[in-house]
Amino acid sequence: MEQLQEFFRRETPRMTALADQIWSLAELRYAETASARLHMDALAGSGFRITRDVAGIPTAFMAEWGETGPVIAFLGEYDALSGLNQQSGALVCTPSVDSPGLAGHGCGHHLLGTSAHFAAIALQAHLQAGGGQARVRYYGCPAEEGGSGKTFMARAGVFDDVDAALTWHPGSFTGVFSQSTLANIQAKFIFHGKASHAAHSPHLGRSALDAVELMNVGVNYLREHMPSDARVHYAITDSGGLSPNVVQARAEVLYLIRAARNHEAAELYERVQNVARGAALMTDCKVEIVFDKACSNLLQNRTLNQVLYAKLQAEGALTVDTGEQGQAGQFQATLSKNDIDAVSRPLASVLRGQVPAVFEGVAPYDPAAEEILFGSTDVADVSWITPTVQAWVACYAFGTPMHSWQMVSQGQSGLAHAGMVRAARVLTATAIELVQRPELIAQAQAELLERRQGKPYACPIPADVPLPFLRT
Ligand SMILES: [Zn+2]
């Protein structure tokens, strides 16, 4: 353990520099070329073998070190979010003057990918010092945000021989990521009608925009008759032009359908498609349905969660100096009570009515409670293939919501860097325990089989759906 402390003391400046660089690049899904390259070059420099273009994706890669033993994988991300460009450290929403409207790291993936990267090389250092045998992998996973990068990678089988996968997510508290997440399916509905002069010959026109509107109305009626934990969202991505005097010949709506389990998402998708077909019939239009992407619901693994929890507790409380506390307090003052309440509620037993500027402890882990986090992640697809564990680690002022300008602004703070290093230490310690106690891996794999009820993983993205960046 002392060796590990020394490793992170030595490597912290390099970690911080890498995370800061990726924060500044803020590259969007499937275009994370420079960010992926920074990771690949550094891992190659540390003696890892690099496989590029994993699953046919130019910004996905795999780095591996070691010849024998269990395959221990760290999952890294590095994609940003569009429209969240923000000046580092600004206490009010201040899009950077150079590139307003461009992307920003509003989900902390610059920290996520960097921490997982250094956990991989810390494990390598431990094994090189006689700590056992394992094949250490780092998966560079692009497009977590809206691109289901890992699901496409899972479809190509790149995680099939992994014995256990470890990752984390930056947040405003620390604990085991113990909830399940929702499965989802995203599809485009393109309606084709017939253009016509809206006053002179309306009877000759068939409005694709009418079809979109009727589809949305139909789906809004469907809501009453779907599982209560399901979600359906839509965005009209083409309303058919700007002229009201032209009957709209083409219109398009993008649907994102979520449910607690894959088969429920698939069933709901079928019903939404029926509504679309009905809308097409009503308006005498044609509907073209294009499957875009999907991801699975997350399978928890209690065996691994317990190992991770013990390591989080062994790390102890995060110590943050008064300067960092003060800065976090200033960011917290920009949040609403509702923002803070949303994070506080599940932590009521530890907070006891207090709202800290920085969450310094570890949230209790209750293996019996498996709640749903109402969101989705493509880590879920990995969790169906190999036992997977994730930590939350405090990197932001307590209460900071995901995908907010405040999250982007705090991305290079001392607290963000400290959380990133802490996450890497915890992931490394968890991996070391798995290498030392192979029975834990066997137990985790048996648990996964049980959770899958003996069924194999079935990728929710059909085999014939092309990678998003290859579509015309
Ligand atoms: Zn994220």
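In the predicted model, helices α8 and α14 cross in a right-handed sense. Helix α8 comprises residues 302-315, and its axis lies 9 Å from that of α14, at an angle of about 130 degrees. The arrangement of α8 relative to α14 is therefore oblique. On the α8 side the contact involves Leu 304, Val 307, Leu 308, Lys 311, Leu 312 and Glu 315. These residues meet Arg 422, Arg 425, Val 426, Ala 429, Thr 430, Glu 433 and Leu 434 of α14. Sorted by class, the contact of α8 with α14 contains seven nonpolar, five charged and one polar residue.

Helix α14 (residues 414-436) also packs against helix α15 (residues 438-451), where the two axes come within 4 Å and cross at roughly 95 degrees. Because angles of 65 to 115 degrees count as roughly perpendicular, α14 and α15 are placed in that category. Glu 433, Leu 434, Val 435 and Gln 436 of α14 form this contact with Pro 438, Leu 440 and Ile 441 of α15. Five residues of the contact of α14 with α15 are nonpolar, one is polar and one is charged. Glu 433 and Leu 434 of α14 take part in the contact with α8 and also in the contact with α15.

The chain as a whole contains 15 helices and 13 strands. Its C-alpha trace spans about 80 × 50 × 45 Å along the principal axes. The radius of gyration is 23 Å, in agreement with the value near 23 Å for a compact globule of 472 residues. Of the 472 residues, 56% count as buried. Among contacts with a separation of 6 or more, 81% are between residues 24 or more positions apart.

Key. Residues are numbered from 1 along each chain as its sequence is written. This is a predicted model: local features need pLDDT of at least 70, side-chain atom pairs count only at pLDDT 80 or more; totals for chains, interfaces and linings use all residues. Side-chain values use heavy atoms; hydrogens and water are left out. Axes are lines fitted to C-alpha atoms, for helices over the stretch in contact, and angles run from 0 to 180 degrees between N-to-C directions. Helices (H or I, at least four residues) and strands (E, at least two) are DSSP runs, numbered from the N terminus. Angles under 35 degrees count as roughly parallel, over 145 as roughly antiparallel, 65 to 115 as roughly perpendicular and the rest as oblique. Contact means heavy atoms within 4.5 Å. Ala, Val, Leu, Ile, Met, Phe, Trp, Tyr, Cys and Pro count as nonpolar, Asp, Glu, Lys and Arg as charged, and the others, Gly among them, as polar. A crossing is left-handed if the near helix is turned anticlockwise from the far one by less than a right angle, and right-handed if clockwise. The radius of gyration is taken over C-alpha atoms; the globule rule is 2.2 Å times the number of residues to the power 0.38. Buried means under 20% relative accessible area, exposed over 50%, partly exposed in between (1.4 Å probe, protein chains only).
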